[in-house]
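Hello,

Here is the structure I promised to pass on to you. Please open it beside this message, and I will walk you through what I found.

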Amino acid sequence: MGLSSSNKLKGQFTTTEFLMIVFVLIFLITLATVIWNTVGKTIGEKTVKNELQSAAIDISDQLLKSQGLPTDWEGTSKIYSLGLVVGDHMIDEGKLRSMLNLPYSQIKSSLGIKTYEFYFKIVNLSGNIIQVDGKNAEVGLKPDTASNIVNSRRIAILNNQIVYADVITWR
Amino acid sequence: MKKGFFFSLDTALAVIVATVLIIGTFFNLSKGQEDVFGRLYISKIANDVLITLNKNKTLDTLDSALIKNRLNDILPDNLAFKLNITVYECDSSTCQKFNVVSGKNVLINPDSQEIDSITAKRSFLTFENNQIKYFSVAELRVWLR
């Protein structure tokens with residue numbers, strides 16, 4: 001028994017339908033790829049930024065709220081933790097002077113910094129770097145070419161003057 | 001007619017599902033971009049300000065003009081603020097109870113419109129002749145302009 005022409009076509013794709021399906025499929029795959037890449041990139045950037053922000057706040061808290069460990073770390077070679085103050089937010093010039101003379105690698109390890117870089121400076125309310133014994137109150141590496149930079153500007157007192165303590169973390 | 005009807009319904013359903021998925025993805029993406037550390041940082045700044053103004057004895061003066069000038073000098077330009085200092089004094093020499101001192105309270109920018117503000121509080125003592133004269137509570141509200 002032979003099939004009629006209408007039965008032969010039943011369930012078959014026409015060329016137009018096939019092209020439409022291919023077009024829609026390509027569009028959906030492209031869209032999914034773009035969204036996937038955007039989500040991945042956004043999450044990655046956000047993770048790095050969060051890490052740097054968290055680090056900047058933690059480091060500024062550590063420097064401005066603790067005396068360090070040992071508390072007289074400026075007179076010892078074994079420093080477990082750095083801290084710059086004698087009282088809450090009262091920066092001790094002696095501790096600051098000692099920190100300025102420490103090697104960058106030692107400062108990083110004393111602050112628990114591993115996967116990023118940091119730069120620290122103390123400026124007056126006009127934005128000029130404070131001088132300690134004729135030396136700029138700044139340590140660390142400046143983020144000249146970094147793509148991710150976070151600045152945590154905190155307020156403290158040095159020699160009865162209100163100053164800004166800038167902690168910049170970058171990668 | 002019927003063939004075309006089913007095709008349209010399938011398409012409409014697929015488009016609705018795809019739209020929901022796409023909107024959901026972008027909604028979650030934008031949510032993930034909210035700055036979670038921004039508020040923490042502003043809170044740190046507000047507390048820093050009160051601590052430093054307390055340590056350098058500016059708050060003790062209870063001088064509105066002086067405190068306002070210092071706050072304007074210290075706080076970053078993108079932050080607005082409101083300060084309220086409530087002053088108490090001892091009811092007797094044994095200082096068992098504190099009463100609010102009317103006329104001593106400090107109010108700076110009391111009418112500013114707050115937008116999602118963050119509050120920092122600090123209490124401090126004012127001494128006179130080596131005796132506690134006043135006990136004060138400073139409440140600083142800070143928000144992004």
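Predicted model: local features only at pLDDT ≥ 70, side-chain atom pairs only at ≥ 80, totals over all residues.

**Chain A as a whole**

Stepping back, chain A has four helices and 10 strands. If you follow the sequence, they come in the pattern α-α-β-β-β-β-α-α-β-β-β-β-β-β. Is chain A compact or spread out? The radius of gyration is 30 Å, well over the 16 Å that the globule rule gives for 171 residues, so chain A is more spread out than a compact globule. You can see this in the box that its C-alpha atoms fill, roughly 105 × 35 × 25 Å along the principal axes. Of the 171 residues in chain A, 23% count as buried. As for contacts in chain A between residues at least 6 apart in sequence, 55% of them join residues at least 24 apart.

**The sheet in chain A**

Next, have a look at the open sheet of six strands in chain A, whose order is β3-β4-β9-β10-β5-β8 and whose pairing is mixed. At the edges stand β3 (85-87) and β8 of chain A, each with a single partner strand, so one side of each has no neighbour in the sheet. How do β9 and β10 of chain A run, parallel or antiparallel? Strand β9 (residues 149-158) and strand β10 (residues 161-170) of chain A run antiparallel, and 10 bridges join them. One pair you can look up is A:Leu158, whose bridge partner in β10(A) is A:Gln161.

**Chain B**

Now for the other chain. Chain B has three helices and five strands, and along the sequence they read α-α-α-β-β-β-β-β. Chain B has a radius of gyration of 27 Å, whereas a compact globule of 145 residues would have one near 15 Å. The C-alpha trace of chain B spans about 100 × 35 × 25 Å along its principal axes. Of its 145 residues, 18% count as buried. Among contacts in chain B between residues at least 6 apart in sequence, 62% join residues at least 24 apart.

Chain B is also divided into two parts, domain 1 (1-34) and domain 2 (37-144). How far apart are the C-alpha centres of these domains of chain B? They lie 54 Å apart.

**Where the chains touch**

Finally, look at the place where the two chains meet: 20 residues from chain A and 17 residues from chain B take part in the contact. On the side of chain B that touches chain A, the elements giving two or more residues are α1 (2-32), α2 (36-55) and α3 (64-74) of chain B. Which of them gives the most? That is α2(B), with 10 residues. By type, the residues on this side of chain B are eight nonpolar, five polar and four charged.

Happy exploring, and do write back with your questions!

Notes
Residues numbered from 1 in each chain as written. Chains lettered and ligands numbered in written order. Contact = placed C-beta atoms within 7 Å. Nonpolar A, V, L, I, M, F, W, Y, C, P; charged D, E, K, R; others polar. Domains from an automatic or database assignment. Rg over C-alpha atoms; globule rule 2.2 N^0.38 Å. Buried ≥ 20, exposed ≤ 12 C-beta atoms within 10 Å, placed from the backbone. Pairing = 2+ DSSP bridges.
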